[in-house]
Amino acid sequence: MKIAVPNKGALSEAATQMLREAGYRQRSDSKELVLTDAANHVEFYYLRPRDIAVYVGEGTLDVGITGRDMLLDSGARADEVLSLNFGGTRFRFAGPVGQGLTVPGLAGRRVATSYPGLVGAYLTQQGIEARLIKLDGAVESAIRLGVADAIADVVETGRTLQQAGMEVFGEPIMVSEAILIKRAELPEPAGLDLLVRRLSGVLVARNYVMMDYDCPSALVEQASAVTPGLEAPTVSPLAKDGWMAVRAMVPRGQAQQVMDDLWELGARAILVTDIAACRL
């Protein structure tokens with residue numbers, strides 16, 4: 001199976017790390033463009049994130065990791081297979097402070113963006129005809145230089161826009177993140193199921209921790225309600241009469257609160273450990 005991976009930019013390091021955690025070899029030299037992982041029957045191709053959807057859509061490569069925004073902007077014949085929970089961004093319209101621009105008010109105006117396919121599709125969906133000005137970078141300067149009346153771009157903190165004398169308006173055009181894609185309208189390539197299973201295991205391992213604790217037998221039912229696990233907690237008797245050992249997976253972000261709740265309930269010896277990998 002041939003897999004495209006971002007070669008640089010915000011998605012590159014996170015994608016490479018995730019693939020390593022999933023058990024695949026990854027390059028150690030950033031100049032390396034192709035890497036063969038013979039043990040897993042996979043070849044990795046390191047490409048510009050914007051080009052990945054095109055290569056996958058044309059069937060040159062089987063699957064790839066790119067941004068949802070780049071997939072939609074490319075118009076490539078590729079489908080999203082799995083969201084990967086990193087590289088999150090929001091796309092917003094922005095214009096000069098105090099002008100009171102609205103999305104419907106963009107009709108007949110010039111909108112500068114690096115994502116004309118994505119923004120054009122959104123405006124068409126809204127029934128708005130605007131002139132799109134394609135720029136490769138520094139979109140926030142377009143208004144000051146007289147190239148556009150508004151912009152559509154990635155907005156994180158909004159600080160850059162404020163420094164340029166602009167403010168966002170309207171609802172977000174879209175929320176993007178890194179995704180795994182495959183060519184549309186074709187059978188799944190051999191090995192895709194395994195890749196998805198491994199990446200899904202990494203996502204679960206990152207989002208959950210394993211919690212172990214001792215609990216009085218009379219309180220096991222109440223404790224199990226606090227830590228239901230993915231299916232059910234594992235409960236086994238302790239050598240101490242009247243006590244049980246309980247183990248369950250718990251959402252990482254809730255671990256501290258769950259520990260407090262278990263302590264108040266009467267559980268003791270509460271331990272939390274990271275999950276390196278899993279299959280569910």
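In which strand does Trp-243 lie? Trp-243 belongs to strand β14, which covers residues 243-251. The model described here is predicted.

The domain assignment divides the chain into domain 1, domain 2 and domain 3. Domain 1 is made of two stretches, 2-85 and 176-205. Domain 2 spans 89-173. Domain 3 spans 207-274. The centres of domain 2 and domain 3, taken over C-alpha atoms, lie 50 Å apart.

Helix makes up 26% of the chain over residues 48-200, and strand makes up 33%. The end C-alpha atoms of this stretch are 24 Å apart. The unreviewed entry in UniProt also lists "domain: Histidine biosynthesis HisG C-terminal" at residues 205-276. Over residues 205-276, the chain is 29% helix and 40% strand. Here the end C-alpha atoms are 6 Å apart.

Two helices were examined as a pair. Helix α1 runs over residues 10-21, and helix α6 runs over residues 192-207. Their axes are 9 Å apart, and the packing angle is about 100°. An angle from 65 to 115 degrees counts as roughly perpendicular. The helices α1 and α6 are therefore roughly perpendicular to each other. On the α1 side, the contact is formed by Gln-17, Met-18, Leu-19 and Glu-21. On the α6 side, Leu-195, Leu-199, Val-202, Leu-203 and Arg-206 take part. The residues of this contact between α1 and α6 comprise 6 nonpolar, 1 polar and 2 charged.

Arg-197 is also found in helix α6. With a relative accessible area of 45%, Arg-197 is partly exposed. Arg-197 and Gln-162 are 35 residues apart in sequence. In space, their C-alpha atoms are 43 Å apart.

Thr-113 sits in strand β7, residues 110-113. Is Thr-113 buried or exposed? Buried means under 20% relative accessible area. Thr-113 has 1% relative accessibility, so it counts as buried. Beyond its neighbours within four places in sequence, Thr-113 is in contact with Val-119, Ile-133, Lys-134, Leu-135, Val-139 and Ala-152. Thr-113 and Asp-153 are 40 residues apart along the chain, with 6.1 Å between their C-alpha atoms.

Gln-126 occupies the loop between α4 (116-125) and β8 (131-134). At 41% relative accessibility, Gln-126 counts as partly exposed. In sequence, 22 residues separate Gln-126 from Pro-104. In space, the C-alpha atoms of Gln-126 and Pro-104 are 8.1 Å apart.

Backbone angles were considered last. Most residues other than glycine have a negative phi. His-41 is not a glycine, yet its phi is positive, at about 55°. Where does His-41 lie? His-41 is in the loop that links β2 (34-37) and β3 (42-47). The relative accessible area of His-41 is 64%, so this residue is exposed. Ala-269 is also a residue other than glycine with a positive phi, near 50°. Ala-269 is found in strand β15, residues 268-274. The relative accessibility of Ala-269 is 45%, and this residue counts as partly exposed.

Definitions and conventions: Residues are numbered from 1 along each chain as its sequence is written. This is a predicted model: local features need pLDDT of at least 70, side-chain atom pairs count only at pLDDT 80 or more; totals for chains, interfaces and linings use all residues. Side-chain values use heavy atoms; hydrogens and water are left out. Helices (H or I, at least four residues) and strands (E, at least two) are DSSP runs, numbered from the N terminus. Axes are lines fitted to C-alpha atoms, for helices over the stretch in contact, and angles run from 0 to 180 degrees between N-to-C directions. Angles under 35 degrees count as roughly parallel, over 145 as roughly antiparallel, 65 to 115 as roughly perpendicular and the rest as oblique. Contact means heavy atoms within 4.5 Å. Ala, Val, Leu, Ile, Met, Phe, Trp, Tyr, Cys and Pro count as nonpolar, Asp, Glu, Lys and Arg as charged, and the others, Gly among them, as polar. Domain bounds come from an automatic or database domain assignment. Buried means under 20% relative accessible area, exposed over 50%, partly exposed in between (1.4 Å probe, protein chains only). UniProt positions are given in the numbering used here, feature names are shortened, and annotations may be inferred rather than shown by experiment.
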